[in-house]
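Welcome, and let's take a walk through this model together.

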Amino acid sequence: GEKLIVAENLTIYYNNYKAVEDVTFKLDSGETLLLLGPNGAGKTTLLKTIAGLHKSYKGKLLVFGKPPTEVRDLISYVPQSYSLNERVPLKAIEVVAMGALYKRGLIHFNIPKPILKEAEEALEFVGLGDLKNKRFVELSGGQKQRVLLARALVSKPRLLLLDEPLSALDPSARVEVVSVLAKIKREMGLTMIITTHDPNPLTEIGDKIMLINKRLVAFGTPEEVLRDE
Ligand code: ADP
Ligand code: ADP
């Protein structure tokens, strides 16, 4: 298939410190990559660099054939923790609509009707249409993560980057979120990279697994990589 990400001898820096070193891999369009590694292995750093949010690297990194900073519009990045710093607690639908507003360079609270409609459709896609007017802060952990997925989808990305989407969730909420991720893969065919320290709930949707510990430890299909663990 078409190579959506090409990384060759990629080394990522914080000043002189190498957080990721000499990593080479490719990802096809439509594939889901599970990015594994212990704490401090460089997972978030790699994800942010692919998102075009961290710019200090050497080596080759092409996303859609271009440097990541040139294709930020095609990428949605969902950080591990998401703090809403709002004086007025936002409704679920407003949180989702913000995703579309930021993308268009708009930041205001009179959300245009067409954007509200897109936000509503995204919430329906993640199974939360009925809760659109509920305050985000009042939702369960699994519901919050689904709202954040809707928020990431509303800007119609072609690459979805998720940092530890399951780590803060209890087992039943994990099932909820994994089923939405499976639906995104099945119905939208979106290319995804998902960081996790526990691949077990996600092996069903993972086409490829990458294990890093600063350097690349393993890369391949789940059968290839997890067999050798
Ligand atoms: P992981 O997501 O796998 O836990 P990170 O990408 O967060 O790993 O961190 C990789 C390494 O880079 C760690 O040693 C961490 O301390 C370091 N690091 C992360 N962010 C920064 C930063 N902003 N400045 C300096 N060092 C950082
Ligand atoms: P950016 O690529 O947008 O600068 P980074 O993830 O590199 O984002 O940096 C996040 C924050 O960490 C920034 O405020 C940056 O100044 C700081 N930072 C970067 N390198 C280091 C480092 N080696 N030690 C401590 N902080 C750092």
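This is a predicted model: local features need pLDDT of at least 70, side-chain atom pairs count only at pLDDT 80 or more; totals for chains, interfaces and linings use all residues.

Residues are numbered from 1 along each chain as its sequence is written, chains are lettered from A and ligands numbered from 1 in the order in which they are written, and side-chain values use heavy atoms, with hydrogens and water left out.

Is T196 buried or exposed? T196 counts as buried because its relative accessibility is 4%; buried means under 20% relative accessible area, exposed over 50%, and partly exposed in between (1.4 Å probe, protein chains only). A polar atom of the T196 side chain also lies 2.9 Å from the backbone oxygen of D198.

Next, let's visit the helices. Helix α5 (residues 171–188) has 18 residues and reaches 25 Å from its first C-alpha to its last, close to the expected 26 Å; that expected span is 1.5 Å times one less than the number of residues. Its buried residues are A173, V177, V178, V180, L181 and I184. Seen down the axis of α5, these fall within an arc of 155 degrees, so they line one face of the helix; the arc is that of the directions from the helix axis to the C-beta atoms.

Helix α3 (residues 113–125) has 13 residues and spans 18 Å from first C-alpha to last, close to the 18 Å expected. Which residues of α3 are buried? They are I115, E118, A119, A122, L123 and F125. These cover an arc of only 155 degrees around the axis, which puts them on the same side of α3. K113, P114 and K117 are exposed on the other side of α3. Just after α3, G127 takes a positive phi of about 80 degrees.

Now for the ligands. The residues around ligand 1, each with a heavy atom within 4 Å of it, are Y14, Y17, A19, P38, N39, G40, A41, G42, K43, T44 and T45. An oxygen atom of ligand 1 is 2.5 Å from an N or O atom in the side chain of T45, and a backbone N or O atom of G40 lies 2.8 Å from an oxygen atom of ligand 1. Taken alone, ligand 1 exposes 560 Å², and the protein buries 58% of that. Among the elements, α1 gives the most to the shell around ligand 1, with three residues.

Around ligand 2 are Y14, N15, K48, L53, H54 and K55. A polar side-chain atom of H54 lies 2.7 Å from an oxygen atom of ligand 2, while a nitrogen atom of ligand 2 is 3.1 Å from an N or O atom in the side chain of N15. Taken alone, ligand 2 exposes 540 Å², of which the protein buries 37%.

Conventions. A polar contact is a pair of N or O atoms within 3.5 Å; within protein, one must be able to donate a hydrogen and the other to accept it, and residues adjacent in sequence count only if both atoms are side-chain atoms. Accessible areas come from the Shrake-Rupley method with a 1.4 Å probe; for residues, only the protein chains shown count as cover. Helices (H or I, at least four residues) and strands (E, at least two) are DSSP runs, numbered from the N terminus.
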